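Dear colleague,

Please find below the structure I am handing over to you, together with its sequence. My findings follow it.

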Amino acid sequence: MAHAALIKVIVQSDHVEMLRSAMATGIADVAFDEFVHDATKYHAMEYSTAVVSAIMISVVEVWVNHGQKETAAELLANAGRIVQVFSDLS
């Protein structure tokens, strides 16, 4: 959220692949660090990183397109609801 103006320009210029790449790297480094040390879980980490990155990028795109009104906490809550829906399907 500290770089909202830059995020807006990237989304509006249709270059979200830059955000996706940065998001995937950040997620892999932070949220799934424990999987890196376990080779049997590494493949699952790749899928998880791809899914979470896609969801977060989509949430950010909608946020930009709707005027950037929600807070970071609200965006994370929205993403959490999306993940919960997928979790309930399994």
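In what order do the elements of the chain run from the N terminus on? They run α-α-α-α-α. Please note that this is a predicted model. The secondary structure amounts to five helices and zero strands.

As to the chain overall, 24% of its 90 residues are buried. The exposed surface comes to about 6100 Å², of which carbon and sulfur atoms supply 64%. Of the contacts with a separation of 6 or more, 57% are between residues 24 or more positions apart.

The largest nonpolar core has 15 residues, and those with the most contacts inside it are Ile 7, Val 11, Leu 19, Val 60, Trp 63 and Val 64. At least two residues of this core come from each of helix 1 (4–12), helix 2 (16–30), helix 4 (39–65) and helix 5 (72–89). Helix 4 provides the largest share, seven residues. Ile 7 illustrates the arrangement: leaving aside its neighbours within four places in sequence, Ile 7 is in contact with Leu 19, Val 60, Trp 63 and Val 64.

Yours sincerely

Methods
Residues numbered from 1 in each chain as written. Predicted model: local features only at pLDDT ≥ 70, side-chain atom pairs only at ≥ 80, totals over all residues. Heavy atoms only, no water. Core = buried A, V, L, I, M, F, W, Y, C linked by side-chain atoms within 4.5 Å. Buried < 20%, exposed > 50% of the residue type's maximum accessible area, 1.4 Å probe, protein only. Helix = DSSP H or I, 4+ residues; strand = E, 2+ residues; numbered from the N terminus. Contact = heavy atoms within 4.5 Å. Areas by Shrake-Rupley, 256 points an atom, 1.4 Å probe, with all protein chains shown as cover.
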